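Let me put the thing on the screen and walk you through a few spots.

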Amino acid sequence: QAFAFGQSLLSQLRGSQAGAIRHISYLSKVQLLLADCLVTSNNVHPAQAILHFQDGASTLISDLILVNSMVSDNHGTAIHFEQSANRANFKLLNSLLAFNGPSQEDAAPFRSGYGLRFESFADSLLQLQLLNSIIWGNEKADVLLQPEDLSRMIVDSRHNIYGYFENDPNV
């Protein structure tokens with residue numbers, strides 16, 4: 001099943017859980033595409049994200065794709081990708097993730113405010129494709145990697161500008 005947003009402004013969407021988009025799927029294949037979108041001025045619960053994408057244990061393949069989009073000036077982690085699928089693909093193409101800060105309900109030490117946060121809960125493959133994008137100025141860290149095994153991650157990263165990366169100290 002595929003879901004797509006195109007030329008959208010997702011702004012000031014407030015709720016008790018996620019900000020602009022929260023997608024949890026247990027289908028065999030799932031894809032979420034955001035193209036030409038501006039996601040800004042949202043606030044989320046500290047444990048959630050502005051864009052929270054989670055695939056289920058029965059999912060074989062999942063894809064999260066952002067193209068020509070901007071996720072900035074939000075209160076909370078910009079993108080939280082939780083992987084349980086056998087193969088998951090995340091593509092950030094010609095996009096900006098910048099200046100996202102902690103949730104307004106968060107307190108030090110902050111659990112939110114990342115640009116990208118990846119979690120893997122499965123014996124599976126996570127493929128990241130980051131091309132021509134800027135990930136910068138997010139308050140907690142620009143990228144947080146929390147996979148169980150970094151050897152199960154394939155990264156294709158070209159022509160990007162990054163700020164600060166953080167690895168989970170438990171990995």
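So, where does phenylalanine 99 lie? It's in the loop between β11 (96–98) and β12; strands here are DSSP runs of E, at least two residues, numbered from the N terminus.

Quick caveats: this is a predicted model, where local features need pLDDT of at least 70, side-chain atom pairs count only at pLDDT 80 or more, and totals for chains, interfaces and linings use all residues. Residues are numbered from 1 along each chain as its sequence is written, and side-chain values use heavy atoms, with hydrogens and water left out.

Back to Phe99: together with Ile134, Trp136 and Ile161 it makes a nonpolar surface patch of about 400 Å². For a patch like that, residues need over 30% relative accessible area and no salt bridge, and nonpolar side chains (Val, Leu, Ile, Met, Phe, Trp, Tyr) are joined within 5 Å. The areas are Shrake-Rupley with a 1.4 Å probe, and a salt bridge is a Lys or Arg side-chain nitrogen within 4 Å of an Asp or Glu carboxyl oxygen.

Now β9, residues 77–83. All 7 of the 7 residues are buried, so the strand is largely enclosed by the rest of the structure; buried is under 20% relative accessible area, exposed over 50%. β9 pairs in parallel with β6 (residues 49–55) over 5 bridges, pairing needing at least two DSSP bridges, and alanine 49 sits opposite threonine 77. Another 5 bridges join β9 to β12 (residues 114–120), also parallel, with phenylalanine 81 opposite phenylalanine 118.

Last stop, serine 151: it's in the loop between β15 (141–146) and β16 (153–158), and exposed at 62%.

Conventions: Buried < 20%, exposed > 50% of the residue type's maximum accessible area, 1.4 Å probe, protein only. Helix = DSSP H or I, 4+ residues; strand = E, 2+ residues; numbered from the N terminus. Patch = residues over 30% accessible without salt bridge, like charges linked within 9 Å, V, L, I, M, F, W, Y side chains within 5 Å.
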